[in-house]
Amino acid sequence: DSGVTQTPKHLITATGQRVTLRCSPRSGDLSVYWYQQSLDQGLQFLIQYYNGEERAKGNILERFSAQQFPDLHSELNLSSLELGDSALYFCASSVAGTAGVRGYTFGSGTRLTVV
Amino acid sequence: GQSLEQPSEVTAVEGAIVQINCTYQTSGFYGLSWYQQHDGGAPTFLSYNALDGLEETGRFSSFLSRSDSYGYLLLQELQMKDSASYFCAVQGTGGGNKLTFGTGTQLKVEL
């Protein structure tokens, strides 16, 4: 157990639907990052939150949104789902400023399948 | 922005030494990291180089040369369990702590 909790582990939904992925960071970590990993692809950065505030944005579609709550858990909302959104979605956390030295701690991911 | 290139696949035999290269283009970064990911699993942090040179952590070593925009991960005494994907990543200086990951290298360890 890495200490980063993601739910659900698997999600199957139809095109056009909306889903919410949830992430609880490791205790003490203030930063949460969301990444998308499509089949046989690398990790694509979506968005970062630090202590409730959006800190950095990557190639996140307008149909996707995220937030970090006062208890530091984060949710990634995906709407108007398309087949191409099928992927593994990872959440990671870090103590601010240590993404390099101590690295990210990743959750086990949510596998989203859009049918 | 940043881009990092890695070989897509490397094959080696158990007990051997293998080197996974990473070449990058970036406008500025704090350091180069390496992550391991088994099929469908969570990436796990392996090592970090802030400065040029070699960092050693057990069977794994990582190297960085900023002047050559190049780094590598060296795995010694390969074991079957080392079969996985390996990603290099940079933390850019452009704000936040986000990591940009490389294309990934799938390592296959054979008997």
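Glu9(B) is partly exposed, at 42% relative accessibility; the scale runs from buried (under 20% relative accessible area) through partly exposed (in between) to exposed (over 50%), with a 1.4 Å probe and protein chains only. Its side chain meets that of Lys108(B) in a salt bridge, 3.7 Å from N to O; the term covers a side-chain nitrogen of Lys or Arg within 4 Å of a carboxyl oxygen of Asp or Glu. This is a predicted model, where local features need pLDDT of at least 70 and side-chain atom pairs count only at pLDDT 80 or more, while totals for chains, interfaces and linings use all residues. Residues are numbered from 1 along each chain as its sequence is written, chains are lettered from A and ligands numbered from 1 in the order in which they are written, and side-chain values use heavy atoms, leaving out hydrogens and water.

**Salt bridges overall**
- Over all chains, the count is six salt bridges.

**Chain B**
- Lys108(B) is partly exposed, with a relative accessible area of 35%.

**Chain A: Asp29 and Arg26**
- A salt bridge of 3.1 Å, N to O, joins the side chains of Arg26(A) and Asp29(A).
- Asp29(A) counts as buried at 1% relative accessibility, whereas Arg26(A) counts as partly exposed at 31%.

**Chain A: a network**
- Arg63(A), Glu82(A) and Asp85(A) are linked by salt bridges into a network.
- Within the pair Glu82(A) and Arg63(A), the closest N and O atoms are 3.7 Å apart.
- Glu82(A) counts as partly exposed, at 44% relative accessibility.
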